[in-house]
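Dear colleague,

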Amino acid sequence: MPHAHEPEEDDLAPPQPVFHVEQALLGALLLEPHRLSDVTGIAADSFSTAAHAALFATISTLPPPDPTEHAKNTKWLDQVLASGRGQARGLTASYLHNLIQVCPWARHTPAYARMVEAEHARRRLQRAAERLVQTIRDASLPHPVQTVLAEADALAAVVDDIASRFPPRASVLPRTPTPPPAIAPDQTEAVEEEQLLLATATAHPADIDSVRWLLPDDLTLPLHAGLWQCLTTLARRREPIDPVTVLWEAQQRGVLDDGSNPGEVLRLLAEPACSVEHWGERALQRSLLATADHAGRRIEAYTGDPANTPFQLVVGARRSLADIGAVRTRWQHATGMVPPQRRRPAPTTRAGPPTTTAAHTARTARATR
């Protein structure tokens, strides 16, 4: 199949497969304009280049020509070119004719449109994931959690829309390797605040129960996660809690096996400040942002792999968003912003046999007749 060059196309960068699909679709519509009625699910912004978007917008706007007249002259094509040049100045008559030549079969128009729709879905999801990651890394946000969660909701809306167009098949996950979790940008601050959390909880063990929404995995260092596990375990058993008892529990659990100095652990646990709730909420906020960052980068990786189908992208994205949802629920409990539960409809029940004494008597009477 000959290659129809895009106006101002960079020959150093080979076009992606979707570029050729778009050419085939546009060529089919230029050759047989009546096939536009077979095209669903796409619009001008579904195309990957400005020239292709302008052509599709023009074809969709202009009244279709009479098929007999269209076969005899180029009047309608001239109208398409004149209108399209108003949006993409590089369009030429030769490019339109080349598009017609590179179209294998005009009757395959619905298949070409579906491919364009699939690629557009991938780009939409990619842009939404990129916005989520950029928002997470914006240090100027006054309310980072609320802003990030709003972007996560926007991403979820894109996923839902794609799922309505391409329902997942058999929950096939993307084959793309997921990126490793990113290192927290301000590790020093996180470590210091987690140390204060552990020390304050050791000094005020009665407050540990008020932060049950905080999990060991929310803490950045394995040592801190292990010590928090020791504190919550001792509190659950209602055993004495002080730096020495926590240190002993840590030894029993193997928390110190990484070479941690027992004396340094004791000093760490002996410097409380502020409140357990305050430091716990700070740790949970970092955990939520880190989880959202990892989820966003996973979705970016999925969308960057052209081998993944829209079905796989939906499944992978929903798995990633579920991770955000789990931390989000705990954040809402921590901050007292738990949304009201939607009332579920009452389950429908099938009518069973009568159970009253009168009904039993009636059945007996009928049986003896």
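**Overall architecture**

The protein chain contains 14 helices and zero strands. Please note that this is a predicted model. Read along the sequence, the chain therefore follows the pattern α-α-α-α-α-α-α-α-α-α-α-α-α-α. Of its 369 residues, 42% are buried. Among contacts with a separation of 6 or more, 73% join residues 24 or more positions apart. The accessible surface of the protein chain is about 20700 Å², and carbon and sulfur atoms account for 54% of that area.

**The nonpolar cores**

The largest nonpolar core holds 58 residues, and those that touch the most other members are L125, L155, L227, W228, L231, V246 and I324. Two or more residues are given to this core by each of helix 6 (109-136), helix 7, helix 8, helix 9 (222-237), helix 10 (243-252), helix 11 (262-268), helix 12 (276-303) and helix 13. Helix 12 supplies the largest share, 10 residues. To see how one of these residues is placed, consider L231: leaving aside residues up to four places away in sequence, L231 touches L198, A201, T202, I208, I241 and V246. There is also a second, separate core of 33 residues, which includes V39, L77, Y95 and A106.

**Helix 8**

The buried residues of helix 8 are A190, V191, E193, E194, L197, L198, A199, T200, A201 and T202.

**Aromatic pairs and a charge over a ring**

Two aromatic pairs are present in the structure. In one of them, F47 and F56 are tilted, with 5.0 Å from centre to centre and 35° between the planes. F47 and F56 are both buried. In the other, the ring centres of F166 and F311 are 6.2 Å apart and the planes stand at 80°, so this pair is edge-to-face; the cut-off for that class is over 60 degrees. F166 lies in the loop between helix 7 (144-165) and helix 8 (187-203), while F311 lies in helix 13 (residues 310-335), so the pair ties together parts that are 145 residues apart in sequence. F166 and F311 are likewise both buried.

Separately, R107 lies over the face of W105, at 4.1 Å from the ring centre.

Is R35 buried or exposed? The relative accessible area of R35 is 19%, and R35 is therefore buried, the cut-off being under 20%. R35 is found in the loop between helix 1 (17-31) and helix 2 (50-61). Not counting residues up to four places away in sequence, R35 touches L29, A106, R107 and T109. One of these, R107, is the residue that lies over the face of W105, and another, A106, is included in the second core. R35 and T109 are 74 residues apart in sequence, yet their C-alpha atoms are 7.0 Å apart in space.

With kind regards

Methods:
Residues numbered from 1 in each chain as written. Predicted model: local features only at pLDDT ≥ 70, side-chain atom pairs only at ≥ 80, totals over all residues. Heavy atoms only, no water. Phe/Tyr/Trp six-rings, centres within 6.5 Å; stacked < 30°, edge-to-face > 60°. Buried < 20%, exposed > 50% of the residue type's maximum accessible area, 1.4 Å probe, protein only. Helix = DSSP H or I, 4+ residues; strand = E, 2+ residues; numbered from the N terminus. Lys NZ or Arg CZ within 6 Å of the ring centre and 35° of its normal. Core = buried A, V, L, I, M, F, W, Y, C linked by side-chain atoms within 4.5 Å. Contact = heavy atoms within 4.5 Å. Areas by Shrake-Rupley, 256 points an atom, 1.4 Å probe, with all protein chains shown as cover.
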